[in-house]
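Reader: Hello! I am new to this structure and would like to walk through it with you, one question at a time. Could we look at it together?

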Amino acid sequence: MNQKNLLEVDWSKIPAPTDDGGAAHLPGMALPSVGLRATDDTMVTLSALAGRVVVFAYPRTGEPGKIALVDDWDMIPGARGCTPQTCAFRDLFAELKAAGAAHVFGLSTQDNAYQTEMASRLHLPFPVLSDEKLELTHALRLPTMEVAGLTLIKRLALIIDDARITHVFYPVFPPDQSAAEVLAWLKENPR
C-alpha cells in the first residue's frame with residue numbers, strides 16, 4: 001500500500017485497538033535508568049528528569065510516497081496514525097508546556113537516523129526517543145506488537161512525575177486526538 005497522505009485518515013474505516021490490559025501494570029511504576037538517543041543528538045534518561053514529563057509512544061511513522069511496512073498496515077488495530085498523533089503533539093506543544101509538562105517526547109523503536117529525518121520533516125519542537133534496542137520497552141514491559149519481524153510499541157501516552165508513571169492513556173484511538181486528551185488531563189490534574 002502506498003502512503004500518499006499520512007495525515008488524512010477516515011478513522012471510521014480503521015479498526016480501533018481494544019484494551020488488552022497490556023498497560024494495566026504501568027501506573028505507579030518507577031522508571032528504570034535507561035538512556036535513549038534523541039533526535040536532538042542527546043542521550044535522555046527519563047528517570048533522571050525532574051518534574052512532569054509527557055511521553056507518547058507509537059509503532060512507527062511512515063514516509064509520504066513510501067510503501068507501508070506490510071500491505072495490510074491500516075487494518076492492524078492501532079497501527080495507522082503515528083504521523084497524525086505526532087503532528088497533534090507538535091500542534092499542542094506550547095499548550096502542553098503551559099499546562100505543566102516540563103518535557104514532551106515521542107518514543108518508538110525506529111532508529112535515530114530515521115526519527116531525526118522525520119522530526120525535521122514534521123518540524124517537531126520536541127525530541128523523539130529511539131528505543132531501537134528495546135531497553136525501555138522491556139524494562140517497563142510496554143505493550144508491543146510484532147509486524148514484519150519487528151517489535152513495535154503499541155500506541156500509548158504516559159504522564160511521568162519525577163520518574164514515576166502517574167497516568168497512562170491506553171489504548172489510544174483515534175491517534176490524532178491523543179494530544180488533546182493528554183492536554184485535558186494535564187489541565188484537570190495540575191501538580
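This is a predicted model: local features need pLDDT of at least 70, side-chain atom pairs count only at pLDDT 80 or more; totals for chains, interfaces and linings use all residues.

Reader: Where along the chain is Ala-48, and how far is its C-alpha atom from that of Ser-33?
Author: Ala-48 belongs to the loop between strand E2 (43-45) and E3. Along the chain, Ala-48 and Ser-33 are 15 residues apart.

Reader: Thanks! Stepping back, how many helices and strands does the chain have?
Author: You can read the order of the elements from the N terminus as β-β-β-α-α-β-α-β-α-β-β-β-β-α. In total, that secondary structure comes to five helices and nine strands.

Reader: What is the radius of gyration of the chain, and what would a compact globule have?
Author: The C-alpha trace spans about 45 × 35 × 30 Å along its principal axes. For 191 residues, a compact globule would have a radius of gyration near 16 Å. The chain agrees with that, at 15 Å.

Reader: What share of the residues is buried?
Author: A residue is buried when its relative accessible area is under 20%. The accessible surface of the chain is about 8,500 Å², and 52% of that belongs to carbon and sulfur atoms. Of the 191 residues, the buried share is 53%.

Reader: What part of the contacts joins residues 24 or more positions apart?
Author: The count here takes contacts in the chain with a separation of 6 or more. Among those, residues 24 or more positions apart account for 72%.

Reader: Which residues of helix H1 are buried?
Author: Helix H1 covers residues 82-91, and eight of its 10 residues are buried, so H1 is largely enclosed by the rest of the structure. Those buried residues pack against strand E3 (52-57), helix H2 (93-98), strand E4 (103-108), H3, strand E8 (156-161) and H5. The buried residues are Cys-82, Thr-83, Pro-84, Gln-85, Thr-86, Cys-87, Ala-88 and Phe-89.

Reader: Is Ser-130 buried or exposed, and which backbone atom does its side chain reach?
Author: Ser-130 sits in strand E5 (residues 128-130). With a relative accessible area of 8%, Ser-130 is buried. Beyond four places in sequence, Ser-130 touches Leu-36, Arg-37, Ser-108, Gln-110, Asp-111, Asn-112 and Gln-115. At 3.3 Å, its side chain reaches the backbone nitrogen of Glu-132.

Reader: Which residues does a cis peptide bond join?
Author: Most residues other than glycine have a negative phi, and most peptide bonds are trans. Here, both Pro-171 and Pro-174 are found in the loop between strand E9 (164-169) and helix H5 (178-188). Omega is about -10 degrees for the cis bond of Pro-171, and about -10 degrees for that of Pro-174. The joined residues are Tyr-170 and Pro-171, and Phe-173 and Pro-174.

Reader: What is the phi of His-123, and what is that of Arg-141?
Author: His-123 lies in the loop between helix H3 (112-121) and E5, and at 62% relative accessibility it counts as exposed. Arg-141 is in the loop between helix H4 (135-140) and strand E6 (144-147). Neither is a glycine, yet phi is positive: about 55 degrees for His-123 and near 55 degrees for Arg-141.

Reader: Which residues is Ala-16 in contact with, leaving aside neighbours within four places in sequence?
Author: Ala-16 is in the segment before strand E1 (35-38), and at 41% relative accessibility it counts as partly exposed. Its C-alpha atom is 9.6 Å from that of Arg-80, which is 64 residues away along the chain. The contacts of Ala-16 are Pro-77 and Phe-173.

Reader: Last one: which backbone oxygen lies 2.9 Å from a side-chain polar atom of Asn-189?
Author: Asn-189 is in the segment after H5 and is partly exposed, with a relative accessible area of 29%. Thr-166 is 23 residues from Asn-189 in sequence, and their C-alpha atoms are 10 Å apart. The backbone oxygen you ask about is that of Trp-185.

Technical notes: Residues are numbered from 1 along each chain as its sequence is written. Side-chain values use heavy atoms; hydrogens and water are left out. Helices (H or I, at least four residues) and strands (E, at least two) are DSSP runs, numbered from the N terminus. The radius of gyration is taken over C-alpha atoms; the globule rule is 2.2 Å times the number of residues to the power 0.38. Buried means under 20% relative accessible area, exposed over 50%, partly exposed in between (1.4 Å probe, protein chains only). Contact means heavy atoms within 4.5 Å. Accessible areas come from the Shrake-Rupley method with a 1.4 Å probe; for residues, only the protein chains shown count as cover. A polar contact is a pair of N or O atoms within 3.5 Å; within protein, one must be able to donate a hydrogen and the other to accept it, and residues adjacent in sequence count only if both atoms are side-chain atoms.
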